[in-house]
Amino acid sequence: MAHDTIRKSTATSKAANMADYAATYDSFRWEDARRLIDGLPGGHLNIAHEAIERHVAAGHGAQVALRWIAKSGERTDYTYLELSQLTNRFANVLRNHGIEKGARVYSLLGRTPDLYIAVLGTLKAGCVFCPLFSAFGPEPIRARMEIGGANVLITTARLYKRKVSALRDLLPDLRHVFLSDGTAEDTDALSPLIKAASPEFTTEPMHPEDTALLHFTSGTTGKPKGVVHVHDAVVAHHMTGCLALDLKPGNTYWCTADPGWVTGTSYGIIAPLTNRVTMIVDEAEFDVTRWYDILDRESVNVWYTAPTAIRMLMKAGIEATKGHDFSSLRFMASVGEPLNPEAVIWGNDVFGMPFHDNWWQTETGGIMIANFAAMDVKPGSMGKPLPGIKAGIVEVTEDGLCEVSEPLVVGELALRPGWPSMMRGYLHEEARYEKCFRDGWYLTGDLAMRDSDGYFWFVGRSNDLIKSAGHLIGPFEVESALMEHEAVAEVAVIGVPDETAGERVKAFVALKPGYAPTEELMLELSGHARKRLGPAVAPKEIAFRKNLPKTRSGKIMRRLLRARELGLPEGDISTLESDEQ
Ligand code: ATP
Ligand code: MG
C-alpha cells in the first residue's frame, strides 16, 4: 500500500463501459443483466447462441470473430458467419453419430481453430464441454476423462497415439474419438465429416440450469477438482466482459490463456464473443518478441494476461519493447495470481496504463473482484467487487462465521452466492462442495483484507499463511517487497517449521539475467526485505532457484516448495510444468 494511486482521467472514465462504479453497483440487478442477452423462447437459452447466432441475426456476420495466428505466423480469419456455419456442421457431426444432448465432449487440442469450433458446436448441440490442456500426460488425461465420464474426445492424431490410445480400455464411456488431423485405429477423421455435414443446425434450447461446461481447477493446492457450470453462466460472462474488461463491440481483444483453464474459456471464448469483439488466438507459447509483435501488428485494444507472463516481459527489459507501437491498446488486465505492485507500475511506465488486476476462481466461473477502467488503481490491490457481487472478509470460528467490518483486518475472502456463473457442484464431491458454504457465504479459501475505500487486497491462500512468532504473515506481501529489487525476476515465500518461532519465513528467488546467485546478493536482498518489512516479517532465509515450480496455468506451487523443503510427499503434480531447479 506504499505505492501511489494511479489516477484515471475524466476522459478515460467517461469512455469506459462503466463510468460510475458506485452508482452502477448500487442500482445493479441481475434481471437487468439478463436483458442484455437474447435468450431463447420459453425461458431457455444457450451460450453458443449468445456468442454467435445473435450477432449473425443482427447483421454482423461479416465481422471477424476469430483471428488465428498459427505457430508459423500465418493468420486465418473466421467471421461470425463462418463460425456459425462451422459450429453448426460440428453439431451435426455429433448428431449424425448419435451423440445426444447431455453427452460429455472433451477436447485435447492446442490453440487451433478446431478447439474453438468444438467448444461452441458442442454447446449448440446441448452437450457438455470439457477442455483438457494439450500438454497433460496420459494419467491426468485418464483421470479427468474418468471423473467426467467422457463420451467423446476431439484430439489430434499425434496426441491420440502418444497419450490416449493405450487408455481406451480404461474408459468404457468413451464412445467416439474424432481426430482433427490424420487417422488412427478406432477413431474418425473430423475434417471430411465437417465438410459433409449440413451448415444448418437449430441451436438446442437449454434450461438455464442445464450443465454446459466442466472445468478442472489448476491443482495449485492439491488434487484438481471438477467444477460444473451451467448455461445461465453466460449472463455473468457477458456482463463481466463488458464491465471488468471494458470490451466494446468491434474491439480487437487478446486473451493469452489456454482454454484448458477456465480463463481461456470464460474470457478466451465466451465473454469476448458475446460482446462481439474480434478475438486473437495465438497457437504458440509465450515469447517476448512474438507477443510484442502481436500487440502491435494486430492493433490489440484490450489485452487479458497473467502475472507470470508479465513478470517474464519485465525480465526481458524495456529494450524488448523498442520499435513497437502500442497506441491501439486501451485496457490491460491480469488474473490468476496476485499481481505485484511493481508489475502494475511497470505496465503504466511501458504502455501508459496500468495492468488492471482482477480476482476470480474456477468455482466462480467469472470475474468477481476487479480494477475497472474508470476507477483509480491502487497498485497491489485486486480492486472492488463486480456489480451484483457481495464480497466480505469473514472470520470462521467454531461457533460460526462473523463478518469483519474494520478495515485492513485479514480474514477469509467470502462471497454471497447467487450469481449466474457460480459453480453448481464439484463433480462426485458433494461433501467438499457443501463445505464451501457457511451461514449464507461461499468461502473462497483465500485470505484478503479490505481498506477503508472498499478496495480488496489479496494476502495469500489460507494454506499458505505463515505463523511466525505470533505474527500472521501473508506470502504476497513478502514476495512483493523482494520483487522491488532489480535483481529479482520471481519469488515465492513459504513458512518452514522453526523451534522457537513456530514457523520462519523462507524465500525462493529466481534472478533476472545478468545477476549471479552470490552470498553478497543474498545479504543485499535480506537487507532490502528487512528495511521494507521489518525484521519480524522479512525472510530469515533466502534460497536461489533457476525457476520456481508452477502449474501449467502459470501459478507458483508453494505447496511443492514446502513439501520438498520438508522432505514430504509431493502430492498431486498432474498440473506441474517442468521445473528445472
Ligand atoms: P486448486 O483449487 O486446484 O488448488 P487453483 O485454486 O489455483 O487450484 P484456479 O481456480 O485456477 O485454481 O485459481 C483460482 C485461485 O487463483 C484463487 O483462489 C486465488 O488463490 C488465485 N488468484 C486468481 N486471481 C488472483 C488475483 N488476481 N490475485 C490473487 N490471487 C488470485
Ligand atoms: Mg482453488
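## Helix H5

In this predicted model, the buried residues of helix H5 are Tyr80, Leu83, Ser84, Thr87, Asn88, Phe90, Ala91, Asn92, Val93, Leu94 and Arg95. Just after H5, Gly98 adopts a positive phi of about 75°.

## Packing of helices H13 and H14

Two packed helices are described by the angle between their axes and the distance between the axes. For H13 (residues 307–316) and H14 (residues 341–351), the angle is about 60° and the axes are 10 Å apart. The crossing of H13 past H14 is left-handed.

The contact brings Ile310, Leu313 and Met314 of H13 together with Glu342, Ala343 and Trp346 of H14. Of the residues in this contact, five are nonpolar, one is charged and none is polar.

## Aromatic pairs

The model contains 23 aromatic pairs. One of them joins Tyr267 and Tyr304, and it is edge-to-face because the ring planes stand at 85°, over the limit of 60 degrees, with the centres 5.8 Å apart. Tyr267 belongs to helix H11 and Tyr304 to strand E12, so that distant parts of the chain, 37 residues apart, are linked. Both tyrosines, Tyr267 and Tyr304, are buried.

A tilted pair is formed by Tyr292 and Phe351, with 6.5 Å between the centres and 45° between the planes. This pair connects helix H12, which holds Tyr292, with helix H14, which holds Phe351, across 59 residues. Tyr292 and Phe351 are both buried. Both residues also belong to one aromatic cluster, whose members include Trp254, Phe286, Trp291 and Trp346.

Note on methods:
Residues numbered from 1 in each chain as written. Chains lettered and ligands numbered in written order. Predicted model: local features only at pLDDT ≥ 70, side-chain atom pairs only at ≥ 80, totals over all residues. Heavy atoms only, no water. Axes fitted to C-alpha atoms, helices over the stretch in contact; angles between N-to-C directions. Helix = DSSP H or I, 4+ residues; strand = E, 2+ residues; numbered from the N terminus. Left-handed = near helix turned anticlockwise from the far one by under 90°. Contact = heavy atoms within 4.5 Å. Nonpolar A, V, L, I, M, F, W, Y, C, P; charged D, E, K, R; others polar. Buried < 20%, exposed > 50% of the residue type's maximum accessible area, 1.4 Å probe, protein only. Phe/Tyr/Trp six-rings, centres within 6.5 Å; stacked < 30°, edge-to-face > 60°.
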